[in-house]
Amino acid sequence: MNPRYDTVLRFAYLLLCFIFIACFSQPRVPRQSPSSDSAVIDDLDGISNAALKNPALDGQSAEKSFDIWKENPEDFYAIVGELPRPGDPVTVIFLPAKDNNRKLEASLVSGSGKRLGGAPFFDWVLDDEGHSVKACVFSVPSTFDGTEAVVRIEGADIFEIRLKERKFVAEEIPLNPSNTALRTVPDPRKTAESERLWAIISRSGGTVYATGPFTPPVAADTRRTSFFGDRRVYRYSNGKSDTAVHAGIDYGVPTGTPVSACAAGRVVLAGERIVTGNSVIIEHLPGVYSIYYHLDRIFAEEGAVVKEGDLIGLSGSTGLATGPHLHWELRAASENTDPDVLCARPILDGAAAKKIIKERGEQIYAELSR
Ligand SMILES: [Zn+2]
């Protein structure tokens, strides 16, 4: 063959290969040029500039499936669960943007701007695959009588939440001279015990021992002698009176009834107190505590980790009690919280949280695919 003709053929072949590669290797979705960013942001409501600059989310990559657990473009917050009432717990989740590990706190603020409560976020592992979010749990005060409030995350986000209305029972409790003295006579030991208890329940540890639902510490159908949130009037033996809100449930059980831990947790207090008698407090997840008062005997030990159903003591009538009963109380971020709600549903509902985050992922993917 003519060597010149062979060179031309080789050149033509290479040219064809080049054209072929050039045609079929073009990105199927054209990359955004920097000058078109502003127009794109208008289209992607809620997706920040940073999201668009995330290499995993722009151009070609948006075609592939999008994994919000790995490539969350911006901080995402949501409330898990139904409309709360006064006395109900509120769980807020926070999925930080990639490489964001800010320490944040959520606050509940009334319509008039009063801070009603709040809590710091902690790490919550949702499943065996290791998916995790930040979560915080606090409670709407049982004394709050509005229906509108906001959850404010400092420097980040605000959600409006509507609250269901709720009525509580009123009750009068006559006190004999010794019980009157327990409530009215100043006592440095009483003050110190009160300060210690407040310090414990205001604390927020880092361990999730239980996610709920909790189990009542005595048989669930036990007769109740007082209810959560009762508006109490104490009639003192000296003719005076005082008001209080009942922070828990009183079960009318005879002395010696076994009392069990309502969920797994760590015992943070086990001992005698002047007003509440033999008392046990267990932390179940950061800032969420169960409290057992007026016990005849205590079996739980401070610092021990207990399982749900472990025997922690026997009921009695120690401290300020008008008769044998078990006072059972739950606290979230130091606020008293309705035990029935904590027994009815998980306080950390992994399935519900994953559903919310999956929906958010689908929303971002839809916006990016437009
Ligand atoms: Zn009580």
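Predicted model: local features only at pLDDT ≥ 70, side-chain atom pairs only at ≥ 80, totals over all residues.

Modeller: Residues are numbered from 1 along each chain as its sequence is written.

Biologist: How far apart are the end C-alpha atoms of helix 8?

Modeller: Helices are DSSP runs of H or I with at least four residues, numbered from the N terminus. The expected span is 1.5 Å times one less than the number of residues. For the 20 residues of helix 8 (350–369) this gives 28 Å, and the separation of the end C-alpha atoms agrees, at 28 Å.

Biologist: Which residues of helix 8 are buried?

Modeller: A residue is buried if 20 or more other C-beta atoms, placed from the backbone, lie within 10 Å of its own, and exposed if 12 or fewer do. On the other side of helix 8, the exposed residues include Lys 355 and Glu 362. The buried ones are Ala 353, Ile 357, Ile 364 and Leu 368.

Biologist: Why do the buried residues of helix 8 line one face?

Modeller: An α-helix has 3.6 residues a turn, so residues three or four places apart point the same way. Judged by directions from the helix axis to the C-beta atoms, the buried residues of helix 8 line one face because they fall within an arc of 45 degrees.

Biologist: Which residues touch the most other members of the largest nonpolar core?

Modeller: Such a core is a set of buried Ala, Val, Leu, Ile, Met, Phe, Trp, Tyr and Cys residues joined through C-beta atoms within 7 Å. Of its 64 residues, those asked for are Val 92, Ala 135, Val 137, Val 280 and Tyr 292.

Conventions:
Helix = DSSP H or I, 4+ residues; strand = E, 2+ residues; numbered from the N terminus.
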